[in-house]
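Open the structure in your viewer and keep the selection tool handy. We will go from stop to stop, and at each one you get something to select and a note on what is there.

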Amino acid sequence: MRVVTWNLWWRFGPWEARQKAILSVLRELRPDVVGLQEVWAAGGENLAGWLADELGMYWAWAPSPAPERWRRRLPEGEERGVDIGNAVLSRWPVIAQDTLLLPVPDDLADGRLALYARLAAPACEVPFFTTHLTSAPGASSVRQEQVGALARFVARHKGDTPFPAVVTGDFNAWPDSDEVRLFGGYKTSSAVPGQVLLDAWEYAEPGAPAATWSAENPYAARLLEPSVRIDYIHVGPPGPVGEGHVRAVRRAGHGPVDGVWPSDHAAVVADLAMP
């Protein structure tokens, strides 16, 4: 099962050209499941829905309940009615879904969510999640609260399936940060006692380029921040016959397509074992 996570940079920059570049990358990757963040919807159109139609996939969508702070960042005249949220694309039907509004103080509240989608894969059901944590650099304590809520959300929805939970998203946090370690539960005490969610990048080839937020990308470089991996695929322990075991992991979408960078983030791609 090929899993992708990708932050699509909403309606910022040359979004119409970027939309085509995003599709090109996903079409080449041929994923089975995709977790998307910063997905736009406007005027009856939805970026995730369009991608799903083009790729022949099912989809689920969770709009932010507080898009106003995002809209103020768009050019005047373009902001009206544009929504933002998380989405899941899947080769298999979505048979259940739920949404979690992540905890955040009022001064940072912009409606960030976690989306759960249960997927009817042929061998067994897959509990799949995607999320987008608070981005303020000094908000590690807030993200720790958010991953605690996210971990409990995952535990509630894991259900009776041999396939482990798969959690994707933009955590806006470095791999050695307290919030990422807390969520994983194998380098420090787990947010949910006994729950382990392994960072798939532990299986990456040694020395493989890892930064999903990179100064190589002109959209990211303008902020003068360090190049680092802030996007993740986490997977629970493999099932009885190895379901969910990480076979390979790498970056994607980390260069221009016909001269256009698809997003300010690179994607992460992981291949997981299916029974």
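Select Asp258 to begin: this residue sits in the loop between strand S12 (246-252) and strand S13 (267-272). Helices (H or I, at least four residues) and strands (E, at least two) are DSSP runs, numbered from the N terminus. Asp258 has a positive phi of about 50°, although it is not a glycine. At 79% relative accessibility, Asp258 counts as exposed; here buried means under 20% relative accessible area, exposed over 50%, and partly exposed in between (1.4 Å probe, protein chains only).

A word on what you are looking at: this is a predicted model, in which local features need pLDDT of at least 70 and side-chain atom pairs count only at pLDDT 80 or more, while totals for chains, interfaces and linings use all residues. Residues are numbered from 1 along each chain as its sequence is written, and side-chain values use heavy atoms, with hydrogens and water left out.

Next, select Asn172, in the loop between S9 and helix H5 (178-184). Asn172 also is not a glycine, yet has a positive phi of about 50°. Is Asn172 buried or exposed? With a relative accessible area of 16%, Asn172 is buried.

Six strands form an open sheet in the order S6-S7-S8-S9-S11-S10, with mixed pairing; two strands pair if DSSP finds at least two bridges between them. Strand S6 (94-101) and strand S10 (198-199) stand at the edges with a single partner strand each, so one side of each has no neighbour in the sheet.

Select strand S11 (residues 231-235), which pairs with S10 in the antiparallel sense over two bridges. Leu198 has Val235 in S11 as its bridge partner. Strand S9 (residues 166-170) is joined to S11 by five bridges, and these two run antiparallel. There, Thr168 is bridged to Ile233. Which way do the side chains of S11 point? Asp231, Ile233 and Val235 point one way and Tyr232 and His234 the other way, and all are buried.

The aromatic rings come next. Rings of Phe, Tyr and Trp (its six-membered ring) pair if their centres lie within 6.5 Å; planes under 30 degrees apart count as stacked, over 60 as edge-to-face and the rest as tilted. By this rule there are nine aromatic pairs. Select Trp15 and Trp40, an edge-to-face pair at 5.3 Å centre to centre with 75° between the planes. Trp15 belongs to helix H1 (residues 15-29) and Trp40 to strand S2 (residues 33-42), 25 residues apart. Both Trp15 and Trp40 are buried.

Move on to Tyr116 and Phe129, whose ring centres are 5.1 Å apart with planes at 35°, so this pair is tilted. Tyr116 lies in strand S7 (residues 113-120) and Phe129 in strand S8 (residues 125-132), so the pair ties together parts 13 residues apart in sequence. Tyr116 and Phe129 are both buried.

Arg11 lies over the face of Trp15, at 3.7 Å from the ring centre, and over the face of Trp40, at 4.6 Å. The rule asks for NZ of Lys or CZ of Arg within 6 Å of the ring centre and within 35 degrees of the ring normal.
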